[in-house]
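Subject: A structure for you to look at

Hi there,

Here is the structure I promised to pass on. Have a look around, and then read on for what turned up.

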Amino acid sequence: MKATLKPVIYIAALAAFGLCAYQTKAIIDSPDDPIYKNIDPSVKPGEDFFSYANGTWLKNNPIPPAYSSWGIGNVVTEEIRDRLKKVNEDALKANAAKGTSTQKIGDFYYSGLDTTGIEKAGISPLQAQLSLIDKIQSADDILNAAAILTTTGTRNILGMRVGQDDKNSSKMMVQLGQTGLGLPNRDYYYKTDARTTRIRTDYTDKYLPTMLKLSGWDEQKAIAGAKSTYTIEKFLADSSRKLEDLRDPYHNYNKITIAQLNKLTPDINWTTLFKTLELKPVDSVIVGQPEYYRAVNKALKVFSADDWKAYLRLKLITSYAPYLSNAVADESFRFLGKVLRGQKEQLPRWKRVLDTENGIMGELLGQLFVKEYFPEKAKIRYMDEVEAIRQAYREHIQKLDWMSAETKQKALIKLNAIHPKVGYPDQWKDFSTLNISRESYAGNVIQARHWSYLVNINKLGKPINHQEWNMTPQTYNANYSPSNNEITLPAAQLLIPGIKDEDVDDAMAYGYVAASVIGHEITHGFDDEGRQYDAKGNLKTWWTPQDSVKFTQRAQMLVDQFNGYKVLDSLHVNGKATLGENIADLGGIVLGIDAFKKTKQYKEGKKINGFTPMQRFFLGYALSWLSHQRDEVLANQILTDVHAPAFLRVNGPFADIPEFYAAFGIKKGDKMWLDPDKRVRIW
Ligand SMILES: [Zn+2]
C-alpha cells in the first residue's frame, strides 16, 4: 500500500483542478512551482532531505486542531470534500425517486445531519442486537450473538471473511483470522512505557466504563463490565500474533476441513455458526492463526455469561458510536481521536458524514466526478508510466548479479503478467440492492454494513471478478494484490493538487507517481512477502533456494538500516514489520530513476527553477510524502503500521541510492551519508 495511515484518507484528486482554473503553464518555472516553493533553504539536502524538500510548506501549514496529521493527501481530500458536499446538497434537494443513486446519496446525507432525530433515537437503533446480547446464558448464545454482530460489521471474537485462497487464487474461501481486541493491537496490552500505559489506563478506567454507562448500565455494573471486557481481551491478546509475524504467508495459512476445525475448537459448532453467518455450506476453511481460535474456544468456558454480555455490548456500541447521539459519539472521539491520535477537536459533522458515505457507497460518488476531473489524457499518461516502469524492471532483472538465470526467467514471467488498474474502474459496482432512507443514520449504517457483508460472502463459489476495484477512484492510496498479481492506482493518487496534470513536467511526474506509486506497487510483487506468490497469484515457490538466500541477505541489510532509526523517545522503527514497504520504496525509486532517464526532459538536461531534471525527480518524490503528524500518531504508527513514518520513506531509501548522492553532492560527514558497503540494493 502507498498510504501511511489508517483510517485511509478517502476522496480524490478529482477536485484538484478546481484549485487552478486560472493557472497557466508558467507555474512550473515560476515561484509557484510546488517543488520550488516548498523547499526550506535553511536545511541542507545532505542533512535531512525530507525537511529540505518540504520544510517551508510544513512550517506554513501546521496541523489543524481537527486533524492528527496534515499533508498533501489532506489538501487533495479537503478540496474534494467541498465538491462532494455540493453533490450531496444537490441530491438532498432533488427529492429523487426511491432507489436511484441520487436518492441514496441525498437521504444518507440527510440522516447524518439530522441531529434532532439522532438525539431522539439514543441507542434505540441497536436495540435488537442489545436484547440478543442480554439474553446470553450459554456458550452457544455467545456464539450466536457474535455471529449476528459480525453480519452487520461489528468485529468481535470472530474474524471471518471470504477471500481468495492463497494457494489457488481462482477460488474463494472462508478465512478465519485473529481479531477481538479493542486496543489497536496486541502490543498495547503489554508495553510498559509511559505513553502506552497512559492509553491503556484511560481505556480500562474511563473509556470502557463510560461507554457501558452510556449504553444504559449503572456505574457499578459498568465498572465491573469494563474489567471483564479487558480481561477477555488480554486473554485473546496472549494468543495473538505480532505485526511482523502476520507477514509470513505460509505461517498464516492453514487450510483445514470443517471436521478438523471442529476438532480444533470442540466447543464451537461451526456448522450452526456458519448458518447464522449466512454462509453457504463449505467443506474447508483457511485458519490464519489456529492458536487464536483455540484461545477463543477456551475463553468460552473460562469467562462467565455476564463477562461476555459486557464484552459484546462494548463491541457493539463502540463500533456504532460515531453514528449515535452526541454523548456516545463524543466519548468515542475523546478516546479514539484525542487519546490515541492526538486530535484536538472533531471534524465538522458534514465532513464526518461524507467520510462515512464514502466508505459505504464511494463508487456512487466517484463515478460522478472522474469523467470531469480525470481526463482520458491523464489515464493514458499513467498507463504509459506503468509500461515505462515495467520495462525498467525487466532491464534490472536481466542485469542482476545475484540472481540465477532460472529465477530471472520466472521473475520476468511474473512481471509481464502484472495487471494495472489505473484511475477508475471500467465497470462500476451495482448498488441497486442497497436500501437507504432518511429515517435513521445508525439504521442506514447497519443496513449498509449488512449489504456489504453479503456482497463479500456471496463471492463464495463464484469466479473472481477481475473488473472489481477494492478502492474508489477518490481514495488517496494505491495497492498491489498478490492473489491477482495486479496494481490498483486510483485517480486521487496520481494528480498533484493545484496543478493541471498536463502541466506537470516529467521529472516531477516520475518522482511523484512513477517511483512513489507505480514502481512502489509493482515492487510489492517482489518484496519479501510478494515474491512468494507466482505469476498467477498462487503461494508457490518459484525461486531457487540459493536465490532465496541471496535475496534474504540483502533484505536483512534493509531490516538493519530501518531498525537503526529512532522516531520518538525510545521508539525505534520495526525493521522487520516494515520490510515489505521499505523494499517497495527502494525498488520504486531505482526503477523510477531508470525509467526517467529515458525521457526527453532528462536527456535535454535543462534546469527548471534552478534544478536539474534529476534533482526535480528526487524533489517530486519527496513531495509525494509531504506531511507531518502528531506524536500520538507516530507512536501508534510504529506499533501498528507496516509503513515507516513519511520522513523515513524519503530519507531512508535515498541514503541507499548513488544517483541521489550525485544529484545533491552528498559527502562523507553529511547526516544522510551511508558508507557504500552499507547501501542496500535489491532490485
Ligand atoms: Zn506499499
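Let's begin with a question: which side chain meets Glu 529 in a salt bridge? The partner is Arg 247, with 3.4 Å from N to O. Please keep in mind that this is a predicted model.

The chain is divided into domain 1 (14-20 + 32-83 + 352-429 + 468-678) and domain 2 (137-323). Between the two domains there are two salt bridges, along with 11 residue pairs in polar contact. On the side of domain 1 that touches domain 2, α21 (579-596) and α24 (631-640) are the elements that give two or more residues. Of these, α24 gives the most, with six residues.

How much area do the domains bury between them? The figure is about 2100 Å², and 48% of it is on carbon and sulfur atoms. Glu 529 turns up again here: together with Leu 539 and Leu 639, it supplies 30% of the area that domain 1 buries against domain 2, more than any other three residues. In terms of contacts, 30 residues of domain 1 meet 19 residues of domain 2.

Now to the nonpolar cores. The largest has 109 residues, and Phe 49, Phe 618, Phe 660 and Trp 683 touch the most other members. Helix α19 (residues 506-524) gives the most to this core, with 11 residues. Another core, of 99 residues, lies apart from it and includes Val 174, Leu 236, Leu 264 and Phe 303.

Happy exploring!

Technical notes:
Residues are numbered from 1 along each chain as its sequence is written. This is a predicted model: local features need pLDDT of at least 70, side-chain atom pairs count only at pLDDT 80 or more; totals for chains, interfaces and linings use all residues. Side-chain values use heavy atoms; hydrogens and water are left out. A nonpolar core is a set of buried Ala, Val, Leu, Ile, Met, Phe, Trp, Tyr and Cys residues joined through side-chain atoms within 4.5 Å. Buried means under 20% relative accessible area, exposed over 50%, partly exposed in between (1.4 Å probe, protein chains only). Helices (H or I, at least four residues) and strands (E, at least two) are DSSP runs, numbered from the N terminus. Domain bounds come from an automatic or database domain assignment. Contact means heavy atoms within 4.5 Å. Buried area is the accessible area (1.4 Å probe) that two parts lose on being put together, summed over both. A salt bridge is a side-chain nitrogen of Lys or Arg within 4 Å of a carboxyl oxygen of Asp or Glu. A polar contact is a pair of N or O atoms within 3.5 Å; within protein, one must be able to donate a hydrogen and the other to accept it, and residues adjacent in sequence count only if both atoms are side-chain atoms.
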